[in-house]
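The following note is meant for a colleague who is meeting this model for the first time. Please read the numbered points with the sequence and the structure at hand.

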Amino acid sequence: PALARALSPALPEAAAGARVVRARATPLRYRPGRRCTLRLDLWLHDARGRPFARTLFGKVYHDLAKATSVYREMQLLAGSAPVRDGRLVVARPAAFLPELRLILQEPVRGTPLELLLEGMRDPATAGDRRGWEGVVASAGALAALHTAGLAVERERPIDAELRRFAKRAAQAQAIDPQVGGRLAALAGALPAWRARLLEWGEELTVVHGDCKHSQCMLTPAGVAVLDFDHVGMADPATDIGSYLATLRQIGIHQALRARGSPASADRARWLCALEERFLEAYCAASGYGPDFRLRAIWYEAAALMRKALRGFARSPRSPMPPAEVDEAWRILATLPPPEGFGEGLALPTTR
C-alpha cells in the first residue's frame with residue numbers, strides 16, 4: 001500500500017486521473033549497499049474507475065545524486081537522434097521518485113542476446129547463428145550511441161583504472177604470489193601503450209561504460225542497449241574493447257570447462273571470428289578507421305585484466321583469471337610495440 005501511494009502521483013497516467021490501487025514489487029537483482037532492480041506489477045483505476053494493469057521496471061539507488069544523474073542521462077538518451085530515427089533502442093524513463101531514489105522505466109520486449117550465445121556444449125563446433133547476427137547488429141547500435149554527439153557530466157578516464165589495476169594486482173600477489181605475480185606483470189605492462197593511444201587518435205564520446213552482449217536485447221524495433229548506470233565520457237574504444245573481451249571470455253570458459261576438447265577449440269575460433277566481424281561492422285557503421293581498431297584491441301586486453309582481477313577476488317583458485325591474463329598477453333602481442341619495448345618490456349611466454 002505504501003508503494004502504491006508513492007507511485008500514484010509520479011506515473012504519467014496520474015495527469016489523466018489514474019491511481020495505483022495495488023502494487024507488487026519483485027526484486028530481480030540486488031547489489032548490497034548499491035542498487036536493487038525491481039519488477040513492478042501495478043493495478044490501476046482510471047478517472048472513471050475502470051481497472052487496467054501495467055508493468056514497469058525500477059532501480060533503487062544508494063545515493064540520490066547517483067539516481068538523479070542516471071535519470072537525467074536516461075532522458076537525454078531517450079530523446080537523442082539515434083533513438084528517434086530507430087538506430088538505437090533504449091528503455092525509456094517513466095518516472096523518478098527522488099524520496100525513494102527510485103527510477104522507473106518502461107519495459108523493453110525482446111530476446112536477450114546472451115541467451116543466443118551462451119550454453120554452447122560439446123559436440124557443437126559453433127554457436128547459434130542468431131547470436132552471430134545479433135552481435136553484428138549490436139555493433140551498429142553502439143556506433144549510433146557513440147557518434148550521436150551527446151555529452152554528460154561524468155568522465156571515465158582509463159588512467160585512474162590503470163592505477164587501480166596495479167594496486168589490486170599487488171593485493172592479489174600478497175595472497176597468491178604466482179597468480180598475483182602474473183596479474184601484476186600485466187598491470188605493469190598495460191600503461192606502456194598509453195602514449196600509443198594518443199597517437200592512435202584517442203577521443204571522448206558518450207560511452208555505455210559496462211558494454212557487453214548481455215546488455216543487449218533483440219527487439220522488433222532493433223537492438224536495445226540496456227543499463228546505463230555507468231554511462232560517461234571516454235574513448236568509444238573502451239566500450240568496444242569490453243564487448244570484445246566478453247566474447248573472448250566465453251571462449252576461455254568454454255575451453256576450460258571442456259578441458260580443451262577439439263569442439264571447444266572450434267567454438268573458440270568461431271567466437272574469435274565473431275569478434276572480428278563485430279569490429280568490422282562497428283567500424284563500418286561509425287566511420288572509424290584502422291587506428292580505432294588498434295585502440296579497441298588494447299582496450300580488450302585491459303578489459304581482460306579487469307575481468308581477471310574481479311574473478312580472482314571472487315575465487316582465488318579459479319583457473320579463469322590466469323587464463324584471462326594469458327589471453328590478454330596474446331592480444332597485446334598483436335599490437336605495435338610501445339616506445340621503449342626493447343628496453344625491458346617483454347611479453348611473457350603464455351601457457
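**Notes on the predicted model**

1. Glu106 and Arg54 form a salt bridge, and their closest N and O atoms are 2.8 Å apart. A salt bridge here is a side-chain nitrogen of Lys or Arg within 4 Å of a carboxyl oxygen of Asp or Glu. The pair links distant parts of the chain, since Glu106 is in the loop between strand 5 and strand 6 while Arg54 is in strand 3 (residues 51–61), 52 residues apart. Helices (H or I, at least four residues) and strands (E, at least two) are DSSP runs, numbered from the N terminus. Glu106 is partly exposed at 25% relative accessibility, whereas Arg54 is buried at 16%. Buried means under 20% relative accessible area, exposed over 50%, and partly exposed in between (1.4 Å probe, protein chains only).

2. This is a predicted model in which local features need pLDDT of at least 70 and side-chain atom pairs count only at pLDDT 80 or more, while totals for chains, interfaces and linings use all residues. Residues are numbered from 1 along each chain as its sequence is written, and side-chain values use heavy atoms, with hydrogens and water left out.

3. The whole structure holds 28 salt bridges. One of them joins Asp235 and Arg295, with 2.8 Å from N to O. Asp235 lies in the loop between strand 10 and helix 8 and Arg295 in helix 10, so this pair ties together parts that are 60 residues apart in sequence. Both Asp235 and Arg295 are buried.

4. Arg87 forms a salt bridge with Asp85, the closest N and O atoms being 3.1 Å apart. Arg87 is partly exposed at 43% relative accessibility, and Asp85 is partly exposed at 46%.

5. Leu88 lies in the loop between helix 3 (81–84) and strand 4 (93–97). Is Leu88 buried or exposed? Its relative accessibility is 2%, so Leu88 counts as buried. Beyond its neighbours within four places in sequence, Leu88 is in contact (heavy atoms within 4.5 Å) with Pro82, Val83, Ala141, Ala144, Leu145, Val223 and Val225. The C-alpha atoms of Leu88 and Ala144 are separated by 6.6 Å, although the two are 56 residues apart along the chain.

6. Leu256, in helix 8 (residues 236–257), is partly exposed with a relative accessible area of 36%. Apart from neighbours within four places in sequence, Leu256 is in contact with Pro319, Met320 and Ala323.

7. Some backbone features deserve a check. Most residues other than glycine have a negative phi, and most peptide bonds are trans. Asp122 and Pro123 are joined by a cis peptide bond, with omega about 10 degrees, and Pro123 is in the loop between strand 6 (111–112) and helix 4 (129–146). Phi is positive at Arg101, near 55 degrees, and at Asp227, near 60 degrees. Arg101 lies in the loop between strand 4 and strand 5 (102–105); Asp227 is in the loop between strand 9 (222–225) and strand 10 (232–234).
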